[in-house]
Amino acid sequence: MKLIRFIYQDKEWYGELIDDFVALYKGDIATGLAPAGVDVALADIKLLSPVKPSKAVCVGLNYIDHIEETNAQRPDEPCIFIKPSTSVIGPGESIIRPAMSRRVDYEGELAIVISRTAKNIPEEMAAAFIFGYTCANDVTARDLQSKDGQWTRGKGFDTFLPIGPCIETDINPAALPIRTCLNGKTVQDSNTKYLLFGVEKMVSFVSQVMTLLPGDVILTGTSSGIGPMVSGDTVAVEIEGIGRLENPVIDPA
Ligand code: MG
């Protein structure tokens, strides 16, 4: 199913997206979800990011096409970093270009949503800890990432992690077309079959470093074609079978 989180009548809900209506669910990812027996019109809700992660764990260089294109060496294990929970925004919310940076890039990525507490999970058991998949944009202040040498500032600004629009819980992520569009023009066009470290490997690897909590997300890396965004742009990350995550880009007020 396609699970969304949203505001309806001033309250936060989860719900299943079914054509142009939403079936409300009680509970959340940690406690379990159950149908509430109420349907509402899509027009009456305001979408939120489908998860509120305690952390977003991201992987650097992970697309074979991108590694070959840049003549980089294949890493022998995933190189991971964290984006703070405060960087998360939902579909339609604005990415704010920080005054500190002169170059803010999009990075369209497949994100794994964790279903339950995961610590030291072997790869062959990892699927049982995956709730589903969503689209994410690993927005990056490229100049600051290079200048600092480590990535906390360049990756960590508020609004630098759009997630959504939904979590697809019934999809095989092995070969999904993934695209990023800037103002309607395709700028990244790849397929998850080019992932060097696959989703089970990523869950297993990260869980051997830190405990993953329900609703945490793992971003699986970006393909070739990264580039800058300016104020007034609209960026969209689209994964076939999951959905399209669209966000405007603005300068600070
Ligand atoms: Mg990235």
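Helices and strands in these notes are DSSP runs, numbered from the N terminus, where a helix needs at least four residues and a strand at least two. With that settled, I looked up Ala72 and placed it in the loop between α1 (64-69) and β7. I recorded that the model is predicted.

**Entry 1: Ala72**

I then listed its contacts, leaving aside neighbours within four places in sequence, and found Leu61 and Ile67. Leu61 is 11 residues from Ala72 along the chain, and their C-alpha atoms are separated by 8.6 Å.

**Entry 2: the whole chain**

I turned next to the protein chain as a whole. I noted four helices and 20 strands in its secondary structure. The radius of gyration is 17 Å, close to the 18 Å that the globule rule gives for 253 residues, so the chain is as compact as a globular protein of that length. Along the principal axes, I found that the C-alpha trace spans about 55 × 45 × 30 Å.

I noted that buried residues make up 53% of the 253 residues. Among contacts with a separation of 6 or more, 70% are between residues 24 or more positions apart. The accessible surface comes to about 11,100 Å², and carbon and sulfur atoms account for 51% of it. I also looked up the charges: the mean positions of the 23 positive and 33 negative charges are 5 Å apart.

**Entry 3: the magnesium ion**

Which residues coordinate the magnesium ion? I found Glu107 (OE), Glu109 (OE) and Asp138 (OD), at 2.0 to 2.1 Å. In sequence, these donor residues are spaced E-x1-E-x28-D. Glu107 lies in the loop between β10 (104-106) and β11 (108-114), and Asp138 in the loop between β12 (130-137) and β13 (140-141), so the pair ties together parts that are 31 residues apart in sequence.

Glu107 has 6% relative accessibility and counts as buried. Asp138 is also buried, at 1%. Both values fall under the 20% limit for a buried residue.

**Entry 4: helix α4**

I listed the buried residues as Val199, Met202, Val203, Ser204, Phe205, Val206 and Ser207. They pack against β6 (56-59), β7 (80-83), β11, β12 and β17 (217-219).

**Entry 5: backbone details**

I looked for a cis peptide bond and found one joining Gly164 and Pro165, with omega about 0 degrees. Pro165 has its place in strand β14 (residues 161-168).

I then looked up positive phi angles at residues that are not glycine. Thr159 has a positive phi of about 75 degrees. Thr159 lies in the loop between α3 (152-156) and β14, and with a relative accessible area of 9% it is buried. Asn183 has a positive phi of about 50 degrees. I placed Asn183 in the loop between β15 (177-182) and β16 (185-191). Asn183 is partly exposed, with a relative accessible area of 48%, whereas Thr159 is buried.

Conventions. Residues numbered from 1 in each chain as written. Predicted model: local features only at pLDDT ≥ 70, side-chain atom pairs only at ≥ 80, totals over all residues. Heavy atoms only, no water. Donors = N, O, S within 2.8 Å, 3.2 Å for Na, K, Ca; no water. Buried < 20%, exposed > 50% of the residue type's maximum accessible area, 1.4 Å probe, protein only. Rg over C-alpha atoms; globule rule 2.2 N^0.38 Å. Contact = heavy atoms within 4.5 Å. Areas by Shrake-Rupley, 256 points an atom, 1.4 Å probe, with all protein chains shown as cover. Lys, Arg positive; Asp, Glu negative; His and termini not counted. Charge placed at Lys NZ, Arg CZ, Asp CG, Glu CD.
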